[in-house]
Amino acid sequence: MSSLSQACNDYLALRRALGFKLKRHGRLLPDLIAHLEASGQQTVTTRLALEWATQPAGHPQEWAVRLSIARGFARYLQTLDGCAEVPPPDLLPRCRRRPVPYLYSDVEVVALMAATESLRFPLSRATYRTLIGLLAVSGMRVGEAIRLDRSDVDLAAGCVTVRGGKPGARRELPLHDSTLRALREYCHMRDQRWLHPTSPAFFLSTAGTRLFYANVYKTFRGLLAEAGLRPRVGGQGGPRIHSLRHTFAVTTLSDWYRDDVDVVALMPRLASYLGHAAPAWSCWYLQATPELLQLAAERLERAGRQR
């Protein structure tokens, strides 16, 4: 194994140990190594990294992503080899801009839950009403909620155990009493409909099986239409089921700023609650929320005046 290949393996192992899956990196970086070695190089150069990034025919956005992957490895390699070159970040412009995240108001969440009354079966109404409510107050990923088993929801202890999240770690989420009451009501109705279900899933379909993401997504789109929720003006993205998670995170941070608490000290707690491997500030939807950035700027301005 060449020194470049060994460095690549070490880089991937290090970042995966921090919780990153890096499936795309694991597929592309060996190809970059092969390109460098075929050109007679034993380190990364800006010219060869750019040449490799723009090899495939396609959209410039894809080229920018490939170069970004090369840059990450080059930064690591430079700590071992001073001759390694790190390509400039603006060498290939990223053409796609993320929209301003859609944040649900309390009224809109209530409207979404009320829209479940349009569903045909009583169990479906209860399942989706409870699912939407849990996502809104916990910030869980949709897939995490779907994968919940009955044993993961401890109503006596007042918490939900999330397994198999993105970092792969297990985490416990304490819940408010009102949320626990709603979960108990759902359990009562679910168990009346399915006394002996074949699935251990907490949320059941009308067939007594675990929910499928594709069906959840389709049903949620119908509920959005029923509730009359559409994209807002001003470049904001449209409402999605994942927007409930974004709303939870932004609302939590906004409340912390308004309460004038030490937000920096609490950020690891939010990251842990959301199941992030990286610091919570790395989430694009936190960085792209004007209201949240305004609150942060106002705090900095107040701190500057106090000095």
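Tyr104 counts as buried, at 5% relative accessibility. Buried means under 20% relative accessible area, exposed over 50%, and partly exposed in between, with a 1.4 Å probe and protein chains only. Tyr102 is buried too, with a relative accessible area of 2%.

This is a predicted model, in which local features need pLDDT of at least 70, side-chain atom pairs count only at pLDDT 80 or more, and totals for chains, interfaces and linings use all residues. Residues are numbered from 1 along each chain as its sequence is written, and side-chain values use heavy atoms, with hydrogens and water left out.

Now the rings. The whole structure holds eight aromatic pairs. The ring centres of Tyr102 and Tyr104 lie 5.2 Å apart with planes at 65°, so this pair is edge-to-face. Rings of Phe, Tyr and Trp (its six-membered ring) pair if their centres lie within 6.5 Å; planes under 30 degrees apart count as stacked, over 60 as edge-to-face and the rest as tilted. Ring pairs also join Tyr11, Phe73 and Tyr76 into a cluster.

Next, the sheet. Three strands form an open sheet in the order E1-E2-E3, with antiparallel pairing. Strand E1 (153-154) and E3 stand at the edges with a single partner strand each, so one side of each has no neighbour in the sheet. Strands (E, at least two residues) are DSSP runs, numbered from the N terminus. Two strands pair if DSSP finds at least two bridges between them. Strand E2 (residues 159-162) and E3 share four bridges. Val160 has Leu173 in E3 as its bridge partner.

Which residues of strand E3 (residues 171-174) are buried? Arg171 and Leu173 are, and they point to one face.
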